[in-house]
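Good morning, and thank you for coming.

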Amino acid sequence: MRKWKKKLGHTFSRFVSPKPPFNLAKPRPDFAPPPPPPPPPPPPPPHSSYLITPPPQLAMGHGGRPAPPPPGGHVFPQAASTVLPDPARFFAPGLLSAPLPTNCFFQNFTLKNGDQPEYIHPYSVKSAVAGLTVCYPTRNHSPTFDIQTFAADLTVSSPTDAAAGAAGQPHKVVAFDDLSVTLDFSPSLRAFLVRGCPFVTVAAAGPVDVSVASVHAFLEAAPCDDARTKWRLRMNSGQTFLLYASAPIQLSQASVTQLMAPAFAGVIRIACLPDAAMEAVLDQYSSCYPTAGDAALNRPFCVDYAWRKQGQGDLLMLAHPLHLRLLSQDCSVVKVLDGFKYRSIDGDLVGVVGDSWALKTAPLSTTWHSTRGVSDDGVGEVVAALRKDVDSLASSPITTTSSYFYGKAIARAARLALIAEEVGCPEVIPAVHKFLKATVTPWLDGSFQGNGFLYDSKWGGLVTKQGLQDSGADFGFGIYNDHHYHLGYFLYAIAVLAKIDPSWGRKYMSQAYSMVADFMTLSRKCGASYTRLRTFDLWKLHSWAGGLTEFGDGRNQESTSEAVNGYYSAVLLGLSYGDAHLVSVGATLTAFEMLAAQTWWHVREGEGIYEDDFSGNNRVVGVLWANKRDSGLWFAPPEWKECRLGIQLLPLLPISEALFPDTGFVKDLVTWTTPALARDGVGEGWKGFVYALEGMYDKESALAKTRALSSHDDGNTLTNLLWWLHSRGDSSGRCCWYRQYGH
């Protein structure tokens with residue numbers, strides 16, 4: 001389905017360098033979650049890095065027996081990669097003993113020369129020569145793309161450090177967490193880059209000479225108060241920035257593009273002033289600045305933000321549109337400033353006062369089967385297709401060694417077992433069981449020829465044999481691209497196999513949990529084997545892919561539906577193992593991922609997030625970047641609309657209807673896509689996904705078109721399409737035999 005160049009995601013953990021170059025502030029607190037209750041015996045092996053063990057009273061295994069705790073540590077063989085970069089160049093020494101993020105919002109700071117920008121809302125920021133460059137980005141757009149462009153609006157640096165030889169030294173990431181990264185960009189200057197902060201905060205361990213330069217000419221650089229702690233910087237670009245200082249600062253114009261301040265010690269805060277009416281608000285909250293932030297998943301369907309702050313007064317932050325939608329109405333500790341806005345490619349960023357937020361979404365039902373059941377008049381057709389598809393398993397062995405395509409193939413087979421349960425055809429399940437056991441087990445016990453999972457200790461995560469020496473193998477899995485996609489398919493098959501064969505499930509529980517932990521670990525502890533939430537971004541509330549590849553436009557993600565599949569499959573694994581905590585965390589991440597997809601990937605004309613020419617020409621985004629929206633895909637041009645629809649729907653699962661809950665939007669999307677199906681060479685597999693969505697509002701038309709298909713996507717079957725179509729509509733006259741199994 002996909003070709004290289006595939007996008008080469010997002011995770012963070014927070015650790016503090018034990019010996020920072022200077023100590024301007026109190027050490028960050030350890031934001032570790034409350035310790036879990038003791039697990040039931042037997043105890044896990046040492047070096048546990050997995051999700052918090054569920055309470056014994058909730059962790060019931062098969063047959064009502066207490067489930068063993070999730071195993072600890074990595075279980076796949078350790079191997080050394082020749083293609084992974086060395087993290088020691090940019091991470092402070094104190095951070096190197098723990099797993100490191102590989103898909104996070106500041107990843108560009110840790111790759112190659114570390115000089116590509118990252119979008120730390122509302123500013124794009126990049127490392128400069130002994131300095132930090134800040135940009136309040138402008139937008140360029142067309143019917144096929146929407147992009148934020150970078151310009152060096154302001155660069156804060158230390159000429160003294162540069163002259164002393166720091167220009168040749170890379171910056172250091174000295175601390176990071178869910179919501180921020182702390183960067184020492186010269187020996188004397190430290191930046192607290194906190195996402196959603198309207199100020200960029202720089203601390204000077206002075207006295208140190210400070211340069212404030214711009215690619216634009218300064219038309220005005222004037223103090224706004226007698227104490228000279230606030231300055232107005234007006235440039236010929238039409239922009240105005242405000243500079244606040246914790247101590248008097250004397251700026252003088254060294255050239256038309258550079259200001260100098262001698263012997264400054266303290267904190268500098270810089271903010272763009274997009275509207276003169278916002279100045280009073282910036283003044284009011286300029287004295288309180290965040291230095292760190294934590295996003296906690298301690299409650300189902302909720303994420304709680306808490307920022308560490310310094311200075312006086314209340315904390316002013318910015319919320320993107322999904323934040324505002326989810327911000328708890330009963331959260332009396334925050335105040336939304338509706339008129340205080342910064343523009344962003346993600347929609348307007350609105351001011352919120354408060355150092356802790358609660359973001360809540362509606363509970364999500366995550367089940368093995370369709371929510372309505374298959375219609376009685378469709379059961380016969382589904383069963384007939386099911387028997388043929390199951391029979392074909394014996395005659396169609398999996399020939400690929402790609403972790404991605406292999407994962408799709410085993411998940412495709414696993415769907416047949418669950419559909420068999422739902423339509424009351426249990427006699428075909430043994431054949432699916434035999435196929436899954438023969439195809440899944442070799443990847444878990446290391447006997448698969450040609451590929452397999454290994455553990456990389458340099459960054460802390462799973463890689464593949466093929467990816468050890470080839471960064472392009474397995475779509476970049478060996479450099480941490482798309483882990484939630486590949487592993488999601490494997491986990492789906494493992495969850496189903498563990499459900500129908502509990503003894504097999506118990507035997508390979510350690511491997512299953514290791515795969516979950518690779519992208520869903522919550523721990524921040526130094527003894528962890530995997531980094532915290534490798535792909536999920538707790539500020540944007542969706543996943544990223546990209547891995548350890550430098551991109552000028554930042555992180556990216558193509559398929560939201562495959563991301564949903566990753567977390568949904570973890571839910572099913574939790575159901576198989578009686579792990580209530582894994583079910584809860586997986587369902588929470590699934591819910592947020594879907595909301596983000598509906599907010600930023602599903603495009604509604606006139607909604608206001610994107611420019612009119614882009615929103616008028618698109619119904620789904622192809623690839624979403626931190627700084628860009630593309631109509632094209634990694635494997636297809638913008639005109640292949642059926643591929644864009646399909647990549648945001650596959651794999652077709654019970655959870656898919658929750659990803660597309662708006663029938664009106666679905667109809668618009670299918671109407672927008674349908675003309676593309678007349679193009680020569682359109683794949684039958686992609687047509688199937690278009691017909692699946694059409695079936696949400698015109699079942700009979702979709703059924704007729706589906707029956708005429710000559711082939712299907714390599715992760716799909718005729719059985720699965722017919723199951724989907726015959727489970728649309730109201731719930732009367734439904735085959736609900738599967739409910740005897742229980743969800």
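I begin with a definition: two strands pair if DSSP finds at least two bridges between them. The strands themselves are DSSP runs of E with at least two residues, while helices are runs of H or I with at least four, and both are numbered from the N terminus. What we see is a predicted model, in which local features need pLDDT of at least 70 and side-chain atom pairs count only at pLDDT 80 or more, whereas totals for chains, interfaces and linings use all residues. Residues are numbered from 1 along each chain as its sequence is written, and side-chain values use heavy atoms, with hydrogens and water left out.

Let us start with strand β12. Strands of a sheet pair through backbone hydrogen bonds, either parallel or antiparallel. Strand β12 (residues 230-235) pairs with strand β11 (residues 218-223) in the antiparallel sense, over five bridges. Across this pairing, Pro223 stands opposite Trp231 of β12. The hairpin of β11 and β12 has six residues between the strands, and Arg228 takes a positive phi near 60° there. β12 is also joined by five bridges to strand β13 (residues 240-245), again running antiparallel. Here Lys230 stands opposite Tyr244 in β13. Four residues lie between β12 and β13 in their hairpin, where Gly238 in the turn has a positive phi of about 90°.

Next, an open sheet of three strands. Their order is β18-β20-β19, and the pairing is antiparallel. β18 (316-319) and β19 are the edge strands, each pairing on one side only. From one strand to the next, the twist averages 35°; the angles are taken between N-to-C directions, from 0 to 180 degrees, using axes that are lines fitted to C-alpha atoms (for helices, over the stretch in contact). Between β19 and strand β20 (residues 349-353) there are five bridges, and Lys335 stands opposite Val353 in β20.

I turn now to helix α4. How far apart are the end C-alpha atoms of α4? They are 25 Å apart, which agrees with the 24 Å that its 17 residues (379-395) should span at 1.5 Å a residue. The expected span is 1.5 Å times one less than the number of residues. An α-helix has 3.6 residues a turn, so residues three or four places apart point the same way.

Finally, the aromatic rings. Rings of Phe, Tyr and Trp (its six-membered ring) pair if their centres lie within 6.5 Å; planes under 30 degrees apart count as stacked, over 60 as edge-to-face and the rest as tilted. The count comes to 39 aromatic pairs. Tyr123 and Tyr342 form one that is edge-to-face, with 6.4 Å from centre to centre and 70° between the planes. This pair links distant parts of the chain, as Tyr123 in strand β2 and Tyr342 in strand β19 are 219 residues apart. Both Tyr123 and Tyr342 are buried. Thank you for your attention.

Terms used:
Buried means under 20% relative accessible area, exposed over 50%, partly exposed in between (1.4 Å probe, protein chains only).
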